[in-house]
2 protein chains.
Amino acid sequence: MSLDETAVKPHDALAACLADEMEAVNRLIRERMASRHAPRIPQVTAHLVDAGGKRLRPMLTLAAAKLCGYQGPYHVHLAATVEFIHTATLLHDDVVDESARRRGRPTANLLWNNKSSVLVGDYLFSRSFQLMVEAGSIRVLGILADASATIAEGEVLQLGVAHDIRTDEGVYMRVIRGKTAALFAAAAEVGGVIAGAPEDQVRALHAYGDALGISFQIVDDLLDYWGTGATGKNTGDDFRERKLTLPVIKALTGAGDEERAFWTRVIGQGVQREGDLEQALELLNRRGAMEQTRNEALAWADRARAALEALPDDPVRDMLRDMAGYVTERIV
Amino acid sequence: MSLDETAVKPHDALAACLADEMEAVNRLIRERMASRHAPRIPQVTAHLVDAGGKRLRPMLTLAAAKLCGYQGPYHVHLAATVEFIHTATLLHDDVVDESARRRGRPTANLLWNNKSSVLVGDYLFSRSFQLMVEAGSIRVLGILADASATIAEGEVLQLGVAHDIRTDEGVYMRVIRGKTAALFAAAAEVGGVIAGAPEDQVRALHAYGDALGISFQIVDDLLDYWGTGATGKNTGDDFRERKLTLPVIKALTGAGDEERAFWTRVIGQGVQREGDLEQALELLNRRGAMEQTRNEALAWADRARAALEALPDDPVRDMLRDMAGYVTERIV
């Protein structure tokens, strides 16, 4: 048994520790995604919710509340809120990216249509808003309102710089803070706020979620060039969609005229030919961009772990620390 | 002067009475639609905001707060909130309806693209959420969260019953409560709540906004068959887009087999030929559907006026009463 226990993955350990609360969150999600009048809403939502996903964000809220000694019922509402916001953004993202697959299934915009994805996303966002109002904390509402604005601003920024090879690391960081880290940070922070944790702990939870989210997104962007089929990502998707992610930004730094001309053609102009992906991978390695990106992801995971120092010494804190390792485990 | 004053239109009278506050609302809207990082946001929003629109919804909030004796600054935030929610839904509506024109201009989805409209709509919704958090009232947040959910649910419902000639008046009412009346009702209600008005007055403001919004939407749907170029609506747009609006629903009630076959072809199957719109207008008149729809709009305007009885006797109340006449003036 003890051998098995040490073999338990960090994500599973946290999930097991929060099993009852997560069950309550899932119940609340199913209950609130219903609509008496518009049956298409639960159809579209269930398609996405049932497909699973790792439920990282609601787990952060539950773990933070538990770690800070919360005894009330509203961490469950806030965890469901965070998952609804996440699901709403996925629905809108798939419309914006014209995606065909998500979590191993056809996307909702493909199965129904873009209209349904836009409107059901709006519905879930409104439902998330109702859930957080029930929790009754203006401060929590402010944190989630700010996170929502950062998410939307990041998405518009990403659209504005799409295919622009002048995009630098500062803009990249702002984009991924919007698309990923803002909700991770808010998810952890509101768990502490609802528990009435001291200010330094609330700040630490925010910093932890922020760093964890940044690490998570950098790993995701790295795996798009590094991954194999086993990671669940298709190598080269970002390349084909001409996304300016960190590996490419790093490869462009100090690239000579010839290399710059290559990136301008394949990403900037979108003229891609047979063998270009292999050429891109070769350049990424030659410029050390893969290694530098990997190091950056690991450094952010370290920052996430360091932020936890301000929080109570508790098994949940150890599990949150292990989560930083879980996020980067596919690149170590 | 007094002759001129009696000639002032109800909308203009209310606008003049609320001029200072409306200026503050417009300032706040311009300030909050800015984005430091994503310049496309103010571009898209300004395109819509600068095009004008009647600003009916924020005027309802300001008028309700004034009528109930509010002295603080937050009615301005709530009025801006309501206009942001409205603008966000317009951006998403135009994507869903694939519209090409709005307020006499090309739509944002046509000028930029659907992606920008989806994401900028999300941004405005988040900004509205931040504004209402600043007002600091959980009750107000609950009212606006519920209204947002009703709006989104109504939109999805409308999508689900599109082109379905079995749609009845109950479903139609639910759809227009979502797409129009819910925000009118919430706009008026939050003005009373922020002013700390007694419960019966808050209920009356909600009932007024609800009835006014329903009347407004029925008039809009009626004018689509009745209007001329002078009303700013293109006659027959709803017909061409195969929308089941109240005139058609009423014409279908008691229609014989031949008439039903006509509506099934043009609305249900979308097979429309030269002369079909004229044929539709003839049937709408023959079945008394135009007259019945007009009477319904007038009855809801009466209900709006009646709801005001519970509110303080005040010049602002008289102006709100006149607004019910303004909404129906194009059909009397």
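Let's start with chain A: it has 17 helices and two strands. Keep in mind that this is a predicted model.

First, overall dimensions. Along the principal axes, the C-alpha atoms of chain A fill a box of roughly 60 × 50 × 40 Å. The radius of gyration of chain A is 20 Å. A compact globule of 332 residues would come out near 20 Å, so chain A agrees with that expectation. Burial next. Of the 332 residues in chain A, 52% are buried. And what about contacts along the sequence? Take the contacts in chain A between residues at least 6 apart in sequence. Of these, 74% join residues at least 24 apart.

Now the two chains together. How does chain A superpose on chain B? By a rotation of 180°, with 0.0 Å of shift along the axis. The RMSD is 0.0 Å. That is the relation of a two-fold axis.

On to the interface. Here 38 residues of chain A are in contact with 38 residues of chain B. Which helices of chain A supply at least two residues each to that side? There is H4, residues 40-49, and H6, residues 74-97. Then come H8, residues 114-135, and H9, residues 138-161. The largest share is from H9(A), with 14 residues. By type, the side of chain A that touches chain B divides into 20 nonpolar, ten polar and eight charged residues. One more point here. The copies meet through the same surface, because 100% of the interface residues of chain A are also interface residues in chain B.

Next, the core. In soluble globular proteins, nonpolar side chains tend to be buried together. In this model, the largest nonpolar core has 218 residues. Which of them touch the most other members? In chain A, they are Ala63(A), Val140(A) and Tyr208(A). In chain B, they are Ala63(B), Val140(B) and Tyr208(B). Let's look at Val140(B). Leave aside its neighbours within four places in sequence. Val140(B) is then in contact with Leu78(B), Met132(B) and Ala135(B), and also with Val190(B), Val193(B) and Ile194(B).

Is H11(A) mostly covered or mostly open? Mostly covered, with 22 of its 28 residues buried.

Now some single residues. Two threonines come up.

Thr45(A) sits in helix H4 of chain A. Thr45(A) counts as buried, because it has 26 C-beta neighbours inside 10 Å. Not counting residues up to four places away in sequence, Thr45(A) touches Met33(A), Thr87(A), Val120(A) and Leu124(A). For a sense of distance, take Glu98(A): 53 residues from Thr45(A) in sequence, and 18 Å away in space, C-alpha to C-alpha.

Thr167(A) has its place in a loop, between H9 and helix H10 of chain A. H10 covers residues 169-194. Thr167(A) also counts as buried, with 22 C-beta neighbours inside 10 Å. Its contacts, leaving aside neighbours within four places, are Val161(A), Tyr172(A), Leu244(A) and Ile249(A). Pro247(A) is 80 residues from Thr167(A) in sequence, yet the two C-alpha atoms are 12 Å apart.

Last, the arginines. Arg55(A) has a phi near 55°, a positive value in a residue other than glycine. Arg55(A) lies in the loop between H4 and H5 of chain A. With 21 other C-beta atoms within 10 Å, Arg55(A) is buried.

In chain B, Arg55(B) has its place in the loop between H4 and H5. Arg55(B) is buried, with 21 other C-beta atoms within 10 Å. Beyond its neighbours within four places in sequence, Arg55(B) is in contact with Met22(B) and Glu83(B). Glu153(B) is 98 residues along the chain from Arg55(B), and their C-alpha atoms are separated by 23 Å.

Then there is Arg242(B). Its phi is positive too, about 60°, although Arg242(B) is not a glycine. Where does Arg242(B) lie? In the loop between helix H12 (237-240) and helix H13 (246-252) of chain B. Buried, exposed or partly exposed? With 17 C-beta neighbours inside 10 Å, Arg242(B) counts as partly exposed.

Terms used. Residues are numbered from 1 along each chain as its sequence is written. Chains are lettered from A and ligands numbered from 1 in the order in which they are written. This is a predicted model: local features need pLDDT of at least 70, side-chain atom pairs count only at pLDDT 80 or more; totals for chains, interfaces and linings use all residues. Two residues are in contact if their C-beta atoms, placed from the backbone, lie within 7 Å. Helices (H or I, at least four residues) and strands (E, at least two) are DSSP runs, numbered from the N terminus. Ala, Val, Leu, Ile, Met, Phe, Trp, Tyr, Cys and Pro count as nonpolar, Asp, Glu, Lys and Arg as charged, and the others, Gly among them, as polar. The radius of gyration is taken over C-alpha atoms; the globule rule is 2.2 Å times the number of residues to the power 0.38. A residue is buried if 20 or more other C-beta atoms lie within 10 Å of its own, exposed if 12 or fewer, and partly exposed in between; C-beta atoms are placed from the backbone. Copies are superposed by least squares on the C-alpha atoms of residues with pLDDT of at least 70 in both. A nonpolar core is a set of buried Ala, Val, Leu, Ile, Met, Phe, Trp, Tyr and Cys residues joined through C-beta atoms within 7 Å.
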